[in-house]
Amino acid sequence: MSGRLHAPGLRRKAVTLIELLVAIAGLTVLSLVAYGVYDQTQAASLKIARRQAAIDYALLAMKELTLLLENAVAPANLDRPEAVRPEFKADRLAVPSYVEGASPGLYLVTVSPGEGSGEGAHLLRRESPVAGLTSGEAEQAPARPLGLRPEGFEPRVRFRYAVAPPRLGADVQVDYREELEAGLWPVLVEIVIRIELEDYPTNPVELRTAVIPGRLPSLAGTRETAATEIAARGARP
Amino acid sequence: MRLSDRDEVNGWTTLSPKGRKRRAFSVVELIVATAVFVVGVAAIYDQFVRTQLPSKRRLLQAQGRLLAHQKLEEIRAVPAEDLLQWNPAEAFRPIEAQPRFHYKPTVAARPDGAVDVTVAVGWDPSDAEGQAFPEGQVIVVEGRSLL
């Protein structure tokens with residue numbers, strides 16, 4: 001080896017201090033940009049995870065509430081209507097409903113907001129056996145969170161009730177009320193679950209649906225086919 | 001490095017082999033380099049935005065599906081004789097509680113006496129009021145037959 005690393009006649013160029021400093025500055029800027037993007041992506045992932053958890057919670061709670069109301073029994077259809085006292089309030093609902101589980105049977109199921117606020121707040125579900133109608137030795141179950149235990153957010157549920165059948169015009173018109181007097185049984189119950197997230201202040205997770213509690217007397221004798229079709233046609237929000 | 005290695009070009013001192021002037025970056029090279037950098041950053045940002053879309057779409061589909069269920073239940077609560085005489089609007093109508101969602105019910109009597117009820121629910125991506133709802137944004141169709 002002659003030690004010459006360049007072609008004869010051409011001098012090998014070294015790197016000056018200025019060039020080195022410029023290169024380091026350029027690399028620093030690029031690293032900062034890359035780290036900024038990475039950091040934002042991480043923060044966005046966390047936000048999305050929290051939002052997904054809220055959506056999961058709302059969907060599960062909605063499913064539980066829907067099932068509870070679909071399995072409800074109007075006191076008029078019970079042998080001893082005085083055995084239960086349903087309650088229909090804006091933030092609280094108590095209906096006799098068939099519950100599956102270790103001790104299946106008819107329970108008075110109460111859904112209400114939990115105590116406190118902030119991260120510990122959750123919706124409560126309490127089941128009290130309807131005396132003489134529940135099989136086995138069922139006892140009043142301790143209150144438990146509705147759905148999953150929420151972490152980092154405060155779910156709220158709101159009920160509205162209709163006592164008259166909807167009116168049909170160009171639209172379907174329903175007169176919902178915030179609460180019902182004792183002795184009334186609703187034709188429809190609207191359920192709204194709302195979760196406000198700090199990360200999405202203008203876009204809370206809000207799910208809304210309505211359920212006919214139990215069976216409608218007007219539809220007695222009718223039969224529904226299991227022909228529910230759900231088609232997602234590729235929304236591009 | 002010796003001072004003789006330096007050349008004076010337009011007042012700038014460049015380092016170059018003797019007899020060969022070192023070329024600086026041209027404007028075109030700079031533009032191309034900047035474009036490549038911008039494209040790279042844009043691609044990363046695009047990925048960043050795309051990661052948020054599934055969450056948003058999932059929420060919209062869940063909301064749409066539950067709203068379709070709500071409308072079906074409301075229609076199901078109507079006495080059958082009223083339902084058979086109903087001529088719902090043919091256009092999508094906003095849902096009062098959540099105006100960015102629109103729905104269109106259809107009712108069809110079958111020869112066997114059954115009534116087919118379907119509800120299509122869509123989401124309006126624009127906030128513009130008074131504009132026709134784009135039916136291409138339909139996200140959920142639920143149907144039920146009442147015998």
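Predicted model: local features only at pLDDT ≥ 70, side-chain atom pairs only at ≥ 80, totals over all residues.

Residues are numbered from 1 along each chain as its sequence is written, and chains are lettered from A and ligands numbered from 1 in the order in which they are written.

Me: Which strands of the sheet in chain A stand at the edges?
Reply: Strands here are DSSP runs of E, at least two residues, and helices are runs of H or I, at least four residues, numbered from the N terminus. Two strands pair if DSSP finds at least two bridges between them. The open sheet has three strands in the order β6-β9-β10 (chain A), paired antiparallel. Two of them have a single partner strand each, so one side of each lacks a neighbour in the sheet: β6 (155–162) and β10 (200–211) of chain A.

Me: How many bridges join β6(A) to β9(A)?
Reply: The two strands run antiparallel. Arg156(A) stands opposite Arg194(A) in β9(A). The number of bridges joining β6(A) to β9(A) is eight.

Me: In β10(A), which residue is the bridge partner of Val192(A)?
Reply: β9(A) and β10(A) form a hairpin with two residues between them. Val189(A) stands opposite Val211(A) in β10(A). For Val192(A), the bridge partner is Arg208(A).

Me: Which helix of chain B lies across β9 and β10 of chain A?
Reply: The helix runs at about 30° to β10(A), with axes fitted to C-alpha atoms, for helices over the stretch in contact, and angles taken from 0 to 180 degrees between N-to-C directions. Contact means that C-beta atoms, placed from the backbone, lie within 7 Å. The helix is α2 (residues 53–76) of chain B.

Conventions:
Contact = placed C-beta atoms within 7 Å.
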